[in-house]
Amino acid sequence: MNSTKKKKQKEHEMPGGSRSSPASGEFEMPGGRMAEEDVEETQMPGGAMASGGAEPAAEAGAGGHDMPGGGMSGGEEAAAKGEDSGMPDGGGMGGDSGQEIPAEPPAGRKCGTMDVHNRLLREDPSYARALSEIENLTLEYARGVRGARAGVARIPVVVHVVWNTTAQNISDAQISSQMDVLNRDFRMRNTDTGSVPGPFQPLRGDAEVEFFLATTDPAGNPTTGVTRRSTSVTSFSDDDAVKFDSRGGSDAWPADKYLNLWVCNLGGGLLGYAQFPGGAANTDGVVITHTGFGTVGTASPPFHLGRTATHEIGHWLNLRHIWGDDGTGCSGSDFVDDTPNQAGANTGKPAFPHVTCSNGPNGDMFMNYMDYVDDDAMFMFSNGQVARMRACLEGPRSSFLTAAAGTPASGPVVSWGANRLDVFVIGTDRALYHKWWNGSAWGPSLTGYEAQGGIIPSNAEVASWGPNRLDVFVLGTDRALYHKWWNGSAWGPSLTGYERQGGVCVSRPRAVAWGPNRLDVFVTGTDSALYHKWWNGSAWGPSLTGFERQGGIIIGDPEVVSWGPNRLDVFVLGTDSAVYHKWWNGSAWGPSLTGYERQGGVCTSAPKAVCWGPNRIDLFVYGTDQALYHKAWNGSAWLPSLTGWERLGGVCTGEPAVVSWGPNRLDIFVLGTDLAVYHKWWNGSAWGPSVTGWERMGGVCMSPPRAVCWGPNRIDLFVVGTDRALYHKWWDGSNWGPSLTGWERQGGVITDF
């Protein structure tokens, strides 16, 4: 972790603005359905619970389900708790494999995106106007005038296979292999990311974009996310004919709800092309030739690793070619500051450094996905490109943030005692900042923050195992885990220093304390498996920098809770978007060290869990309709069933915040599509304001809500406003302060919370 040395500063004001909020009572969330009937059990859209079938046994009798695509082999469970696996630096689940069908390799990478762009500029004046507006919006994000919401965007994809010969009718396995590549490349989980030359390694960026085959078609019917069309057209060009039934192709699905990918036979050596945001909806999407799609089947070297789709979807998210498309003139621009200026496209496998345009000593960033090198020579997006893609998702592609809620950072607010709060945020310099409530005043002031150093990609995860004790976990720019702690009198190892704990992590850390001087931390490795480490009061296990491998292929961040001493429950999403569960009972992992219990659903958010008493868990996710769904463990069984869910309504974005201030009490906070906070609660006998109804609490929020309870009937709630400042409201047992829809402004310009 790069930690900037600073003298200790008691108070840092981070500039900001203001926000207003409307009044309310009970509101149905925009786009939601306020159904008053109490539905006991609802299968989530796209789910697989067949009515009338026998439910699998609950926890004690459940077998171990390997997560789809996972790698649980017969001998893998031999590892005992305490095994020091050491997280792999490049991913360890094995590469894609399959029968390769020989094909004539293209002469070089050829992308038709700029040809399409120039054609649209000539033919459609509205396209030029839209591009200008999009670039102005992108510039506002780059300058910090607007702030991007944190979290992973999940994009529904429809693959239109348009084929003239049997070989062109690519298999589902080839399509699946391409989806795997996209989810590795856009999350910086690709095993070859370590091949990025050292000078460029700190510039690698996790785009926090994930892709999944659509489960519902435009009419609301179940779908595999793949359409197939036999055509008499022997080859297509970049004239968009493949996008229309009437021209021998396949009509697009609504472009504001799906990423349309067309796979066909492209002629003239063309590998693929995309349409930048701002063009017509009926041609919006990406086209890839079948020999450059995925990693198996007809995929042919040197474009056989799925990187053509990575490149073209980069264009779909408003990235330009890295050399700026000016030939070799050194005067073009990709509108990204951290990609060196270079003279023209690189092809093949250049040797580092390759210096052009006086860009020494490091030269071209030719290993970037937006250059023209071979598939096995491109490994990275830059942080600047990630920022540009995120701005695109906030602007012209914002419908996907509503349709596919993200998975933001967790655990930045904690309480270690009555009337005590500690809040952690990331500033514009990517350092960690801290503020606290001591029972009578905010420290270092109402709008001030204590700077705690570091350069941190995402916000902190904080746990407390006792009064006046905090343990803070973050990821560094090298994706390793780092730790700092408050022992009651000082920060260790120092105010701005961190202890390095190893690993190459692709998820934010999740931590829990189940007793004094005990911590358990979970992350996802580059092979997308779950990894675990623990503090037993005297040492880290399996070692300071080692991790215990717990299997699975996991999407998004893990969730962990504890309902009693020496008890852990971990929930993750599998590649089928279902929830999977494992548990530590004090002596062994169930259903096994690397096995998981499948709990069903087709989820668009990571699971959130809370425990309000011994042997009690409540679990929440969003379904494909963006409503909230719930299940509960009552000590002997899952309700409404092991794989069933209770629908709680709403059309939600972000991730839910769930807290409990006493036995049989739950409070849930979500963002609606208007970015206001909404609230519902369980009082021990009924949901309020109703099963599917919500109380509107106002605001226009740029982060998910974060909630914490420090005593009975007490809740503190935090969000980030449109000025990127922190805002706070509280429940004192009888009223919301400063009001139901009002907020206390706490300053700062926050980039992650």
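Is Cys-611 buried or partly exposed? In this predicted model, Cys-611 has a relative accessible area of 21%, so it counts as partly exposed. The close-ups below start with the cysteines and then move on to cores, strands and helices.

**View 1. Cys-330 and Cys-357 form a disulfide.** Search the whole structure and you get one disulfide. It joins Cys-330 to Cys-357, with an S to S distance of 1.9 Å. The torsion about that S-S bond is about -85°, so the disulfide is left-handed. Cys-330 and Cys-357 both sit in the loop between helix 4 and helix 5, and they are 27 residues apart. Cys-330 is partly exposed, with a relative accessible area of 28%. Cys-357 is partly exposed too, at 21%.

**View 2. The largest nonpolar core has 48 residues.** Inside this core, the residues with the most contacts are Ile-155, Phe-186, Phe-211, Leu-259 and Ile-313. Several elements supply at least two residues each, among them helix 3 (172–185), strand 4 (209–213), strand 6 (259–264) and helix 4 (307–316). Strand 3 gives the largest share, five residues. Zoom in on Ile-313 and, leaving out residues up to four places away in sequence, you'll find it touching Leu-182, Phe-186, Phe-211, Leu-259, Leu-261 and Val-286. There is also a second, separate core of 18 residues, which includes Val-413, Leu-421, Leu-726 and Ile-750.

**View 3. Leu-481 is a buried residue of strand 16.** Strand 16 covers residues 481–486. The relative accessible area of Leu-481 is 0%, so this residue is buried. What does Leu-481 touch, not counting residues up to four places away in sequence? Its contacts include Phe-473, Val-474, Leu-475, Cys-505, Val-521 and Phe-547, along with Glu-499, Arg-500 and Lys-533. Pro-509 is one of the contacts as well. Leu-481 and Pro-509 are 28 residues apart along the chain, but their C-alpha atoms are separated by 7.7 Å.

**View 4. Strand 36 pairs with strand 35, strand 37 and strand 38.** Strand 35 (residues 666–672) runs antiparallel to strand 36 (residues 677–682), with six bridges between them. Here Phe-669 stands opposite His-679. Four residues lie between these two strands in their hairpin, where Leu-675 has a positive phi near 65°. Strand 36 also pairs with strand 37 (residues 687–688), again antiparallel, over two bridges. Trp-681 has Gly-688 as its bridge partner there. That hairpin likewise has four residues between its strands, and Gly-684 takes a positive phi near 110°. Strand 38 (residues 694–696) is antiparallel to strand 36 and joined to it by two bridges. Look for Tyr-678 with its bridge partner Arg-696.

**View 5. Helix 1 packs against helix 2.** Two packed helices are described by an angle and a distance between their axes. For helix 1 (residues 113–123) and helix 2 (residues 125–142), the angle is about 115° and the axes are 5 Å apart. Helix 1 brings His-117, Leu-120, Leu-121 and Glu-123 to the contact, while helix 2 brings Pro-125, Tyr-127, Ala-128 and Leu-131. Sorted by class, that makes six nonpolar residues, one polar and one charged.

How values were computed. Residues are numbered from 1 along each chain as its sequence is written. This is a predicted model: local features need pLDDT of at least 70, side-chain atom pairs count only at pLDDT 80 or more; totals for chains, interfaces and linings use all residues. Side-chain values use heavy atoms; hydrogens and water are left out. Axes are lines fitted to C-alpha atoms, for helices over the stretch in contact, and angles run from 0 to 180 degrees between N-to-C directions. Contact means heavy atoms within 4.5 Å. Ala, Val, Leu, Ile, Met, Phe, Trp, Tyr, Cys and Pro count as nonpolar, Asp, Glu, Lys and Arg as charged, and the others, Gly among them, as polar. Buried means under 20% relative accessible area, exposed over 50%, partly exposed in between (1.4 Å probe, protein chains only). Two strands pair if DSSP finds at least two bridges between them. A nonpolar core is a set of buried Ala, Val, Leu, Ile, Met, Phe, Trp, Tyr and Cys residues joined through side-chain atoms within 4.5 Å. A disulfide is a pair of cysteine sulfur atoms within 2.5 Å.
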